[in-house]
Amino acid sequence: MSASRTEASCRTCAHFRNDPAYLEAAFAGLASLSSAYGSVRGEDGLCLRHDRYLGAQSWCGDFTAREVTCSPSR
């Protein structure tokens with residue numbers, strides 16, 4: 001996989017959500033299956049653009065870079 005494709009994967013896309021709490025809310029009953037923290041899920045998540053559950057390493061032509069927010073230093 002080329003560096004540019006790695007950087008443009010779903011993992012870094014603004015449309016991709018893989019936070020366990022978000023997934024548990026999106027998929028009712030998931031918590032009863034040992035939660036979205038499960039090791040089987042890995043970094044997989046939900047593409048809000050295409051309404052699909054997919055792997056974080058996936059990619060498509062609709063990639064939109066996620067804005068990086070920096071927390072203030074203490």
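Where is the place of Gly 61? Gly 61 sits in the segment after β3. This is a predicted model. In it, Gly 61 is exposed, because its relative accessible area is 79% and the cut-off for exposed is over 50%. Now look at Ala 8. Gly 61 and Ala 8 are 53 residues apart in sequence. In space, their C-alpha atoms are 9.3 Å apart.

Next, the sheet. It is open and has 3 strands, in the order β1-β2-β3. The pairing is antiparallel. The edge strands are β1 (16-17) and β3 (52-54), and each pairs on one side only. Strand β2 covers residues 45-47 and pairs with β1 over 2 bridges.

Now turn to charge. Side chains of opposite charge can pair when their charged atoms come close. In this model the count comes to 2 salt bridges.

Arg 11 forms a salt bridge with Glu 43, and the closest N and O atoms are 2.6 Å apart. Arg 11 lies in the loop between α1 (3-7) and β1, and Glu 43 in the loop between α2 (20-26) and β2, so the pair ties together parts 32 residues apart in sequence. Arg 11 is partly exposed, at 35% relative accessibility. Glu 43 is also partly exposed, at 42%.

Asp 62 forms a salt bridge with Arg 49. Here the closest N and O atoms are 3.6 Å apart. Asp 62 is in the segment after β3, while Arg 49 is in the loop between β2 and β3. The pair links distant parts of the chain, 13 residues apart. Asp 62 counts as partly exposed, because its relative accessibility is 29%.

Key: Residues are numbered from 1 along each chain as its sequence is written. This is a predicted model: local features need pLDDT of at least 70, side-chain atom pairs count only at pLDDT 80 or more; totals for chains, interfaces and linings use all residues. Side-chain values use heavy atoms; hydrogens and water are left out. Two strands pair if DSSP finds at least two bridges between them. Helices (H or I, at least four residues) and strands (E, at least two) are DSSP runs, numbered from the N terminus. Buried means under 20% relative accessible area, exposed over 50%, partly exposed in between (1.4 Å probe, protein chains only). A salt bridge is a side-chain nitrogen of Lys or Arg within 4 Å of a carboxyl oxygen of Asp or Glu.
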